Amino acid sequence: MKNVSMKSRSLKLVMLIAVFGFFITSCNKDDNEGETLAPLTGKWSISKVGTTVSGTETLIDAPQNQTGCEKDFMNLKSDNTVEEGNYDSTIDPCALFTDQGIYSRSHNNLTRVVDGVTTTQDIVNLTLSELKLKDANGNISNNSKITLTP
């Protein structure tokens, strides 16, 4: 009888530890507070732009991209500097013009300062291949990650 009592106590102790462990892990506050953990750094081409009207999102091909040229881009570097690239064929075909600045991320906001102009946008979606940003006016910029091949 003593052996059954010890097994019963051991079983109760194991169950108590398991239940306690479950509560500890399930009650922790999320460290990321809803923000995505995908990396923000990288070269992102501007592929689509649009707006949200009455809850409906409408995206079109980015009109600022010159036909026959690579897509305009922003390169978010690990040292919190940003390079924004714009291809323009006004003078020379597909001439690249770049501006340098800095950026920071605070939760789900991306703030860039380029040429003294501050732009803050909400990070709507961030995956390994997509960065969707929306400004306070509802304007959307959908960016695709550029995969560099050696």
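A residue is called buried when its relative accessible area is under 20%, exposed when that area is over 50%, and partly exposed in between, with a 1.4 Å probe and protein chains only. By this rule Asn-75 is buried, because its relative accessible area is 17%.

The structure shown is a predicted model, in which local features need pLDDT of at least 70 and side-chain atom pairs count only at pLDDT 80 or more, while totals for chains, interfaces and linings use all residues. Residues are numbered from 1 along each chain as its sequence is written, and side-chain values use heavy atoms, with hydrogens and water left out.

The chain contains 1 helix and 9 strands. These elements are DSSP runs numbered from the N terminus, a helix being H or I with at least four residues and a strand being E with at least two. Along the sequence their order is α-β-β-β-β-β-β-β-β-β. Of the 150 residues, 26% count as buried. The accessible surface of the chain is about 10,300 Å², and carbon and sulfur atoms hold 56% of that surface; the areas come from the Shrake-Rupley method with a 1.4 Å probe, and for residues only the protein chains shown count as cover.

Asn-75 belongs to strand E3. Leaving aside neighbours within four places in sequence, Asn-75 is in contact (heavy atoms within 4.5 Å) with Gly-42, Lys-43, Thr-81, Val-82 and Glu-83. Across the chain, of the contacts with a separation of 6 or more, 42% are between residues 24 or more positions apart.

Next comes the nonpolar core. Such a core is a set of buried Ala, Val, Leu, Ile, Met, Phe, Trp, Tyr and Cys residues joined through side-chain atoms within 4.5 Å. The largest one has 13 residues, and Leu-40, Met-74, Leu-76, Leu-110, Ile-123, Leu-126 and Leu-131 have the most contacts inside it. Two or more residues each come from strands E3 (73–76), E6 (109–114), E7 (117–126) and E8 (130–134). Leaving aside neighbours within four places in sequence, Leu-110 has contacts that include Leu-40, Met-74, Leu-76, Ile-123 and Leu-133.

What remains is the disulfide, defined as a pair of cysteine sulfur atoms within 2.5 Å. The structure has 1, joining Cys-69 to Cys-94 with an S to S distance of 2.1 Å. Cys-69 is in the loop between strand E2 (56–61) and E3, and Cys-94 in the loop between strand E4 (81–88) and strand E5 (95–106), so the pair ties together parts 25 residues apart in sequence. The link is left-handed, with -90° about the S-S bond. Cys-69 counts as buried because its relative accessibility is 17%, whereas Cys-94, at 28%, counts as partly exposed.
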